Amino acid sequence: MLRATVLVADDSSDTRKILTYSLIEQGFLVVEATDGHQAIRLARQCRPSLMLLDLCMPGLDGWEVVAQLRDDPALEDMPIVAMTGYDADLVIRAARMAGCQEVLTKPFDFDTLRDTIAGLISPVNVTCLQYAR
């Protein structure tokens, strides 16, 4: 049985650790990126089933990551769940318009995270290439 891979892209090591632990407990494989450049490289290499993407990272931010992934024919349909500390309708609408399927505002609870991901993919995805972190 192949498990779906989730790419977690966030510059906060604490956030990555918490998300990774939660996702592994749910049955997903997890790949971690610490910045936008690494997120794009790993997305192209691993072809994850879904990406959890912090919009505010230093250097190449999440907005640019979304733009580059949506311009890549191999990744244009990959579900992206944006994560942001800004709980403003304008930011949420802008993220959806940029190409994110969902937006989670920090801090979010793990039931919301689980339900959001479950609405987009399941832990088992037989068509996904797998790369464990």
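## Alanine 74

In this predicted model, alanine 74 has a relative accessible area of 46% and is therefore partly exposed, since that class lies between the 20% limit for buried and the 50% limit for exposed. Alanine 74 sits in the loop between α3 and β4 (80-84). Its C-alpha atom is separated by 30 Å from that of aspartate 89, which is 15 residues away along the chain.

## Helices α2 and α3

The crossing of α2 past α3 is right-handed.

On the α2 side, the contact involves Gly36, Ala39, Ile40, Ala43 and Arg44; on the α3 side, Val65, Gln68 and Leu69. Sorted by class, the residues in this contact are five nonpolar, two polar and one charged.

## Cysteines

How many disulfides does a search of the whole structure find? The search returns zero. Cysteine 100 is in no disulfide, and the nearest cysteine sulfur, that of cysteine 56, is 12 Å away, whereas a disulfide would need the two sulfur atoms within 2.5 Å.

Cysteine 100 is buried, with a relative accessible area of 4%. Cysteine 46 also counts as buried, at 4% relative accessibility.

Technical notes
Residues numbered from 1 in each chain as written. Predicted model: local features only at pLDDT ≥ 70, side-chain atom pairs only at ≥ 80, totals over all residues. Heavy atoms only, no water. Left-handed = near helix turned anticlockwise from the far one by under 90°. Helix = DSSP H or I, 4+ residues; strand = E, 2+ residues; numbered from the N terminus. Contact = heavy atoms within 4.5 Å. Nonpolar A, V, L, I, M, F, W, Y, C, P; charged D, E, K, R; others polar. Buried < 20%, exposed > 50% of the residue type's maximum accessible area, 1.4 Å probe, protein only.
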